[in-house]
Each structure stands twice: as structure tokens, then as C-alpha cells.
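This briefing is meant for someone meeting the structure for the first time.

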Amino acid sequence: MRNGNWEAFDFSGYDAVFHVAGIAHAGLRNADELYFRVNRDLAVRTAVKSKSDGVKQFVFMSSMKVYPSPTLKNPVVITADTRPAPDSAYGLSKLQAEQGILSLEEPCFQAVILRPPMVYGPGCKGNYPKLSQYGQKFSIFPDVDNLRSMLFIDNLCEFVRLMIENGERGIFFPQNGEYVSTSRVVAAI
């Protein structure tokens, strides 16, 4: 997706396109513009191209960051009734991408929006490796009374497979069945 060659690629031979390209944890000055250019604009352009090439299903990797960030005083447990309310440019860019993609839906073009929490497992990026490094280096960690949603990478892969195989459409927030505290996660590591 980085060099623009995808725009000449013919998606017509595919039943589904799984779009995972995105910018997270940019850590750059003026990252907001980059979030919107990549997370929103590129995702919608890819969906438009997929649709015009005759792809029947577009699966978009969004994020739970479309919801408000949980705090110790206000834990956020995600259900079908939880309303999006992003509190960062990253979350807003993902939500706006979702809206653009969903606006393309027709009977012959279905969208699947995935809003996963922190994904963990071998090779994962983001906050999990940082927690893992800390847990392996230090034997002390504060007892934080928070709850966080997580998802094992193999479970995410299986979920995506089922979404495509079953021709699903809609917004989904796959996550492990149990919320855990950061302290428990570090202790388990």
C-alpha cells in the first residue's frame, strides 16, 4: 500500500479484501494528518477500488479506539450498545474510515468492520510487547485495579476467517470473553 502500486492491482479475482494497512503509535509531530491520510483516506480509497473491481466483501481492521478510553474511574466495557466517541485523532480517523466504507454498501458489496482491542501473541506490536518486556525484566508491578479487553492473535485470525467464509457484514468487536487487569497480564507474563 505504501508505494501506490495497489491502485493498478486487479482485485476482480477475489471474493474479499482484508484491509489492515494503517498508522498507529506514530509518535511524530503532526501525526494527526498522517492518521487521516492513511487510516481514513487510504482505507476508503481501497474499499472504492475493491467495489469497482467487483469484490463482494471488504473487511476493515478498525480499532476499539473509536470508543472512549477507559479510566480507573470510568472503565469502558464494550457491548453492541456502546456508542463510538473517539478521544484521539487515531480513533477519529478509524471511525471516519468506517463511516466512509459503510456508505459504499450495497447488496453486492458488503462491509465488515472489526474493532479489536489490544491484540497479543507472538510477533504482535503495540502495547503488549511493552508490557511483556516489563514483566520479564521486573518482578514488581503496581496493583492496578483496571479492566482491559484483549484478544489473542490466533482467535482474531479465526474470527476473520469465519467472517469471510460466512460472508458476514456489519460491525464486530471480537475480544476475549473476560476482561483482565493490567497487573494480572504482567503477572502472567
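The second largest pocket of this predicted model has a volume of about 290 Å³, and about 1,300 Å³ of space lies in the largest pocket.

- The residues that line the second largest pocket are M1, R2, W6, A21, G22, I23, R37, V38, L42 and R45.
- Sorted by class, this lining is made up of 6 nonpolar, 1 polar and 3 charged residues.

**The largest pocket**
- The largest pocket, with its volume of about 1,300 Å³, is lined by 42 residues, of which S63, Y90, P117, M118 and V119 are the closest to its centre.
- Two or more lining residues come from each of the elements α1 (31–52), α2 (89–102), β4 and α4, and α4 gives the most, with 4 residues.
- By class, the lining of the largest pocket holds 25 nonpolar, 12 polar and 5 charged residues.

**Helix α4**
- Helix α4 runs over residues 153–165, and at 1.5 Å a residue its 13 residues should span 18 Å, which agrees with the 18 Å that separates its end C-alpha atoms.
- The residues of α4 that are buried are L156, V160 and M163, and because they cover an arc of only 60° around the axis, they lie on the same side of the helix.
- An α-helix has 3.6 residues a turn, so residues three or four places apart point the same way.
- The cover over the buried residues of α4 includes the strands β1 (16–19), β2 (57–61), β3 (110–114), β4 (118–120), β5 (150–152) and β6 (170–172).
- After α4 comes G167, a residue whose phi is positive, near 60°.

**Helix α3**
- In helix α3, which covers residues 127–137, the buried residues are Y128, L131, S132 and G135; seen down the axis of α3, these residues fall within an arc of 100°, so they line one face of the helix.
- The face of α3 that is turned away from this buried side carries K130, Q133 and K137, which are exposed.
- Among the elements that cover the buried residues of α3 are β4, β5 and α5 (182–188).

- Q57 has its place in strand β2, and Q57 counts as buried because its relative accessible area is 4%, where buried means under 20%.
- Apart from its neighbours within four places in sequence, Q57 is in contact with D15, A16, V17, Q110, V112, M163, I164, G167 and E168; of these, M163 is one of the buried residues of α4, and G167 is the residue with positive phi that follows that helix.
- I113 has its place in strand β3, and I113 is likewise buried, since its relative accessible area is 0%.
- Although I113 and G170 are 57 residues apart along the chain, their C-alpha atoms are separated by 6.2 Å.
- Leaving aside neighbours within four places in sequence, the contacts of I113 are F60, S62, E98, I101, L102, G170, I171 and F172.

Note on methods: Residues are numbered from 1 along each chain as its sequence is written. This is a predicted model: local features need pLDDT of at least 70, side-chain atom pairs count only at pLDDT 80 or more; totals for chains, interfaces and linings use all residues. Side-chain values use heavy atoms; hydrogens and water are left out. The expected span of a helix is 1.5 Å times one less than its number of residues. Buried means under 20% relative accessible area, exposed over 50%, partly exposed in between (1.4 Å probe, protein chains only). The arc is that of the directions from the helix axis to the C-beta atoms. Contact means heavy atoms within 4.5 Å. On a 1 Å grid over the protein atoms alone, a cavity is a set of points where a 1.4 Å probe fits but cannot get out, and a pocket is an open set with protein on both sides within 12 Å along at least five of seven lines; lining residues have an atom within 4 Å of a point. Grid points are joined across faces, edges and corners, and a volume is the space filled by probe spheres set on the points. Ala, Val, Leu, Ile, Met, Phe, Trp, Tyr, Cys and Pro count as nonpolar, Asp, Glu, Lys and Arg as charged, and the others, Gly among them, as polar.
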